[in-house]
Amino acid sequence: MSDRTFTYVGTRPVRHDGMDKVTGRANYGADFSLPGMLHGVVVRSPHAHARIVSIDTHEAEAVPGVLAVVTARDIPETRAKLMLGEGALDLRDISENLLARTKVLYHGHTVAAVAATTLDAAREGAARVKVTYEVLEPVMTIEQALAANAPILHSDMITKGQHGAKAPSNVAARMELKRGDVGNGFTQADVVVEREFRTPTVHQGYIEPHACVARWGEDGRAFVWCSTQGPFAVRDQCAAVLGMDAAQVKVIPSEIGGGFGGKIVVYLEPLAVALSRKARRPVKMVMGREEVFRATGPTSGTRIRMKLGATRDGTFVAADASLYYEAGAYRGSPAGAGMMCLVAPYRIPNFVIEAFDVVVNKPKVAAYRAPGSPTASFAIESVIDELARELRLDPIDLRLKNAVVEGDAAPFGPAYGPIGLKALLEAARRHPHWKTPLAANQGRGVACGFWFNAGMNSSATVTLNMDGSAAVVTGNPDIGGTRAAQALMVSEELGIPVERIRPGVGDTDSSGYTDVTGGSRVCYATGMAVIGAAQDVREQLRARAAKIWNVDVASVTWEKGHAVPPKGAEKAEPLSVNDLAAKMTHTGGPIVGRASLYAPMAGPGFGAHICDLEVDPETGRSRVVRYTAFQDVGKAVHPSFVEGQIQGGAAQGIGWALNEEYVFDKNGVMENAGFLDYRMPVASDLPMIETVLIEVANPLHPYGVRGVGEVPIVPPLAAVANAMRDATGIRFTELPLSPPRVLAALNHEPTPVRTSDELSAVKADS
Amino acid sequence: MQVIRYEAPRSVTDAVRLMQADPGAQILAGGTDLLVQFRAGLRRPTAFIDIKRIPELVGITLDDGGLRLGAATAAAVICEHAEVKRLWPGLVEAVRLIGSTQIQGRGTVGGNLCNASPAADTTCALIVNRATCAIAGPAGERVLPVDEFCTGPGKTALRAGEFLVALHIPRPGPRTADAYLRLIPRSEMDIAVVSAGVSVTLAPDGTCSAARVAIGAVAPTALLVAEAAGALVGSRLDETALSRAGAAASAAAKPIDDKRGTVAYRRTTAGVLTRRAARTAAARARGH
Amino acid sequence: MAKLHVHTTVNGEAAEFLCEPHETLLAALRNELGLTGTKEGCATGDCGACSILLDGRLVPSCLVLAAESQDRAVTTIEGLALGDALHPLQRKFLEHAALQCGICTPGFIVAAKALLDRQPEPTEQEARFWLAGNLCRCTGYDKIIRAVLDTAAEMRKTAV
Amino acid sequence: MATVHLSSGLTQFTGGVTVIEIDATRVSDALDMLAARYPALRDQLDEIAVAVDGEIYQQPGYQELTSASEVHLVPRIAGG
């Protein structure tokens, strides 16, 4: 596995879809059109929490050019659950999030959709849909949601996981993990640090707004062209929500302009199909940026209480934590994942962690890169930093002392297989970045992160062409270079040069069922399907060679892209893929390899980041001046795109730490729904982001692939906050570390800015 | 649905006529504010009057009389003008901050002023440089000092049918220099949370003989802070004087809490930026 | 609602189209002329995905009215490559894997071209500030900046 | 007998029992038997993932169990 030597895997060929993307030819969600196409727009709630008294669409329907208006009345009411790759989805929630039925639960919640011959006419129509609301008090924070007499969002929501719970509550679920005896554990502790942390609602921030075109035919079949992380997820959700047979819906994925988890949920597609069904014309829907902020994504705002105890020598002995995650309008925050990730990097003999899934009047949260883990990591990694200071230990040494290794039990039960946490922490300690002296007003922070890396359902087919080139097709939209990786895998198995492989993304008719491009699963799970399909082709080629040589197939071996005859076979020379491909039709017809599988989770991914921050003590502005990310990637199939995943994840995490946040007014209306005031990092905000790849092979994958996309967004929140603590002497427990917050703290507690000498003093101790 | 017209007059007279003929018409310069507000439904013009094809409205002329900026001159064009950069480094710093490189290619100083945002980057720099506005309208041309142009958020002294034609800035005297600073959370792409423009003139012996200080985003309009200037005049622009000017700026600030910053934060940093801008202006004046 | 008949030059070729008076150049390029390489990310001039050159000047096409392009020269991402010969920036973006999802790539390449047209020897900081109006959420900008600086270096070499 | 470990969040539905020996050859049977033995647990089992000998399955139904199998019930995870 790890000792396997590769020919193609690990090289950096130009991605096959690159040419179209640098020339502007690649088609994304909004780039597709059909003749006679209508334009659809959405009518959104102006209130964060209100009961819908009535919806009158007559005036809208009367607007010249308006051909269809749909409301919740146009889609069936349901209570069913829909099984999708990542689990059971409550169809009623999906359906009501798409079109509010009795209540609107966030500002921007869809109440109707209008299709017209022009965009202007559609907007005019939307403006004339008359909705009468009974406005209710919005529940915008965890505190408000938990308050004794809080307004209840869902009258039928009983807390799951709470024995004996009977009364309706805004707490959708309570979960708990426990190990050992916490009370006793803390009595062994020489040092205990406890803090409460808060993180704001943030958005995935993909640059391409949601977009789709739908065409419903009189035969009852629907076609959907859209930008999505999962064409099959769109197909199954459209079919389920609209009460159609999945076979009646065909989804053709476009190129996708970023997702990060936010393009797994459907927002527009079922509306477009419903409008098309009503208007008997194709309908195109494209969100504006403001709609993307107000009604899609985001991820949970959180409140986390974290208590950690250690002995004088730095051994962690006990942890106690409570995690509250906002789910938004409907149940399903990643609180459970946060709970499982919280202490995953460390050996802690005694802990109790409780997690709560809390509904509030914000958009229903969508997955966002390692959902639940970054905010949990922010809490524990900040507390560990405080422990290191109290114990006068080097923060990397302290983490190394407690880092989990193969065989240790994960907090959620099972024992870890081979993992690279210690290896990457040692690499971090050795790295020049950790040793380089800091300038005045600068600080350095380090933090670790963990994510599971998903598996799930994948299918792939490899088709051999007569000339020995080949095509590979999967059902995974390619967001970050997965097609190149899949081509490399086919090359590795068949010896066909990577530029002679054509990797493609299939639609729901032309590819086998494949779960979403998400969960860091594509290179791992779909990769295994691709390898399996290529091996299927190889086995067929051996059989064809055996037929040509008239020998037993078992005696034919495969070496370096050639079928090799058994010793002493007459007039039998090794046959290349080209030779065998040319003879395909004479030896049994076309050669198509296929593989479908369900993969268990890929096994843990760990990372550690080092951040240097420079702070202007007079304005509170800070700047990341150096950043290095270490990660166990299992096996880097295409190292450039692995590095890219790590750099991009780190940048998102830095934005989360420094400036990104949803700002709501007292009525629950987002005040900064645009790229000007929702401050994602721009090119001049960041330094180069150095990556160090550690490869500890994942035994579940033939090449050792582990999945890399999500881990890198986990450590930055704490790495930045710890650097801020180092630079200013102040422990910030609430994000973002925006200039006003930092300056206020600097002025209220005039802690002198720590100099680099003091830092090296701490280093000297350890 | 309302019908919107697009007109591209070739002369000031034609533009005035078009503005008179249609009260709902609005001037389109760079469009970086107007078109955003139009799409957001905040403005509903019945006609866009594109003034960029009027010769007097675009371009830079620099002579002994000083600088004339056509109101519709793109920011990027101004930033590329070496002589303007040399004479008014602070003004160019301000112009360079109007949005991204892309916005620079469209956005104009005139538009930045007419949008009348309290946080507009060029306003403070224009005020400290004693700029005047040439305005055309039904009643002919009139001239207005720039510090009287903005009357409130989104409000200007322009009367019905009037529009800004050009900005005039007198040549700086000897040993005179300006500087502009703004504070934003990111390194680019934000609206100023606070801003400060300073212009100082030194006597031959190095004492400050004249100064102007303006701060932005801390009141309904940019503020000309006489007290801050007073703290500089007569001093050698040493740290004590700079700090006093900063304190005066903080005291003059009447900011509000909003999504971009708090009252306390704006008041404190208004002083910091004033002090820093004054320090830079002083260094430049000494260098001249 | 009378449409306007606009005559302009797009990527060196004479072009004409009909548009609404309030229609943006971005919409006209994409919908009337079928040039969908120019993307809409925000429609407020804050993301750079719709970057084009108007008479050689970098502008956000979402904040230009289509009618304004009358008698002007428009350059879009589709106009950068000459037949099979990619623009050096396009080649370097591929070599450096400077794109992931690719939606921001056309805007970055057009903006970077405008930079190199004016400043053949940009420092890393100059490149970062020039491109600050182009948002990318996938790459952390690292490989994009490297691709731009490497292109500049190569173009200087070949220019000599 | 496969050994099933319940997360502490679930033990409130088993009267505190955390480890249960179950004679089942696949996960779905094990879950049915669990629910039969602890009816209060049934509603809690529809949204869990299952770790079998260290490998976590989101849809574990027919995953085979041996008498040596170590089974952990954990909350289901969604990825981005």
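Predicted model: local features only at pLDDT ≥ 70, side-chain atom pairs only at ≥ 80, totals over all residues.
Q: Why is Ala66(C) called buried?
A: Ala66(C) has 27 other C-beta atoms within 10 Å, and since a residue counts as buried if 20 or more lie within that distance, Ala66(C) is therefore buried. Its place is in the loop between β4 (57–60) and β5 (73–75) of chain C.

Q: How do you know that the span of helix α18 (residues 639–658) of chain A agrees with its number of residues?
A: The expected span is 1.5 Å times one less than the number of residues, so the 20 residues of α18(A) should span 28 Å, and because the end C-alpha atoms of the helix are 28 Å apart, the two values agree.

Q: What makes α18(A) mostly covered?
A: Of the 20 residues of α18(A), 19 are buried, and on that count the helix is described as mostly covered.

Q: What are the domains of chain C, and how many residues of each are in contact with the other?
A: The domain assignment gives domain 1 (4–79) and domain 2 (88–159) of chain C, and the C-alpha centres of these two domains lie 22 Å apart. There are 13 residues of domain 1 of chain C in contact with eleven residues of domain 2 of chain C. On the domain 1 side, strand β3 (residues 51–54) of chain C gives the most, with three residues, and the residues of that side divide into seven nonpolar, five polar and one charged.

Q: What makes up the contact between chain C and chain A?
A: The contact takes 43 residues from chain C and 45 residues from chain A. On the side of chain C that touches chain A, α2(C) gives the most, with four residues, and the residues of this side divide into 23 nonpolar, eleven polar and nine charged.

Q: How many residues of chain B are in contact with chain A, and which helix gives the largest share?
A: There are 18 residues of chain B in contact with 20 residues of chain A, and the largest share of the chain B side, five residues, comes from helix α11 (residues 263–287) of chain B.

Methods. Residues numbered from 1 in each chain as written. Chains lettered and ligands numbered in written order. Contact = placed C-beta atoms within 7 Å. Helix = DSSP H or I, 4+ residues; strand = E, 2+ residues; numbered from the N terminus. Nonpolar A, V, L, I, M, F, W, Y, C, P; charged D, E, K, R; others polar. Domains from an automatic or database assignment. Buried ≥ 20, exposed ≤ 12 C-beta atoms within 10 Å, placed from the backbone.
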